[in-house]
Amino acid sequence: MAHVELANVDKYYGHYHALRGIDLSVDKGEFIVMVGPSGCGKSTTLKTIAGLESISSGRIVINGRDVTREEPGDRGIAMVFQSYALYPHMTVAENMGFGLRMQKRPKAEIDQAVLRAAEILRLTDQLDKRPKALSGGQRQRVAIGRAITRSPEVFLFDEPLSNLDAALRTQMRVELSTLHERLGSTMIYVTHDQVEAMTMASRIVVFNKGIVEQVGAPLELYANPVNLFVAGFLGAPRMNFVSVRLGRIVDGTAEVAVDGGPTFQVPVVADLPTMPPGATLTLGIRPENIVLRPASAGTVPATIRLVEQLGRETILYVDAGLLKASSSESGTANLTVQTAEPRPLHTGEAIHLSLPENALFLFAPDGRRISRARPVFS
Ligand SMILES: Nc1ncnc2c1ncn2[C@@H]1O[C@H](COP(=O)(O)OP(=O)(O)OP(=O)(O)O)[C@@H](O)[C@H]1O
């Protein structure tokens, strides 16, 4: 187990500023998951911790030791990649023991480490096979086994499950979480997969364009994103965003109105009054918080453009003309609704929506969230 710290880390590739002052402190035994859009710097961050990329400025500290200039092999880390790159001519046991053999460790020690890793990863029956005789999930377990045998203080994972099919990914997700519990090691994990991030992380780090936007426990980030970017990034289907105008602010509550449409009262943080009345703000609402209602005052009329029936729930892409939403994910539809409505819903159907005020997020023109923090469990 190790504590890992990045202090003001900058990384340039030529003139390209890939990491911009990254500060990150990973506690011993934490499972940190890094997420963000393609090209935001997740893999670069992981490689700088591994020592596979040098940094332009800043410091990387593992267990209080500055490793910024240390070779990868001296840092006490092991990395598992998306492509598991096993040696095809070696058996599973030989693949798993490879790192230790390179370090010229005694045979008995290597055998013991391989057996222990194989037992943890349920590969004991596969040790004499070659990689081509294994399933994708088993191969990825061998790659993880290769990391385990080296008893690293820190495991780094770069999208290790993205080559597996959906069912195997689900199974491996559970196995990795179990592995983390069993070994208690510090793990830093990069993924594109929201479910992996939400279910495995003790804390999620959201990257964007070479900076860290927010760090926090999964549900905390989901309930209290600091800005539009984090709000829009975490959650599938993603949060809806609607342009609104700021009206009066009374007793910590802002009146915001959709042009020609409904008005909402949103609790705000203190610095909102510095914004002029009439300022354009963004209202956010998660698809699961929009409610289908019979027509009445305060509801918004909408037309269903597309229905995705997922069994337990249904995703509707609707055209709610009044709401000038900017999160269109599908043609003329401008709002996404996630509902457990039991009756069948059809394309072209007219419906009415209610946007509960206690589920609204409000964002300033610069993207900062200015509605009051929401409890994680509400
Ligand atoms: N060796 C390199 N030389 C030049 N530019 C690079 C190099 N490696 C990465 N970059 C650039 O640095 C930025 C960050 O890349 P990085 O691989 O860290 O992104 P990422 O967040 O992991 O993306 P993805 O999710 O697509 O893997 C990208 O714009 C990329 O093009």
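Which strand and which helix each supply at least two residues of the shell around the ligand? They are strand S2 (16-26) and helix H1 (42-50), where helices (H or I, at least four residues) and strands (E, at least two) are DSSP runs, numbered from the N terminus. This is a predicted model, in which local features need pLDDT of at least 70 and side-chain atom pairs count only at pLDDT 80 or more, while totals for chains, interfaces and linings use all residues. Residues are numbered from 1 along each chain as its sequence is written.

The ligand is surrounded by Tyr13, Tyr16, Ala18, Gly36, Ser38, Gly39, Cys40, Gly41, Lys42, Ser43 and Thr44, a residue being near a molecule if its C-beta atom, placed from the backbone, lies within 6 Å of it. H1 gives the largest share of this shell, three residues. Sorted by class, the shell holds four nonpolar, six polar and one charged residues; here Ala, Val, Leu, Ile, Met, Phe, Trp, Tyr, Cys and Pro count as nonpolar, Asp, Glu, Lys and Arg as charged, and the others, Gly among them, as polar.

Turning to the chain, its secondary structure comes to eight helices and 20 strands, and its C-alpha atoms fill a box of roughly 80 × 50 × 35 Å along the principal axes. The protein chain is divided into domain 1 (4-223) and domain 2 (233-363), with bounds that come from an automatic or database domain assignment. The centres of the two domains, taken over C-alpha atoms, are separated by 39 Å. Four residues of domain 1 are in contact with four residues of domain 2, contact meaning that the C-beta atoms of two residues, placed from the backbone, lie within 7 Å. On the domain 1 side, the residues that touch domain 2 are three nonpolar, one polar and no charged.

Of the 378 residues in the protein chain, 37% are buried, that is, 20 or more other C-beta atoms, placed from the backbone, lie within 10 Å of their own. Leaving aside neighbours within four places in sequence, Ile32 is in contact with Val26, Met187, Ile188, Tyr189, Ala201, Ser202, Arg203 and Val205.

Helix H2 (residues 92-102) has Val92, Ala93, Asn95, Met96, Gly97 and Leu100 buried, and these buried residues pack against helix H3 (107-120) and helix H4 (136-148).

Conventions
A residue is buried if 20 or more other C-beta atoms lie within 10 Å of its own, exposed if 12 or fewer, and partly exposed in between; C-beta atoms are placed from the backbone.
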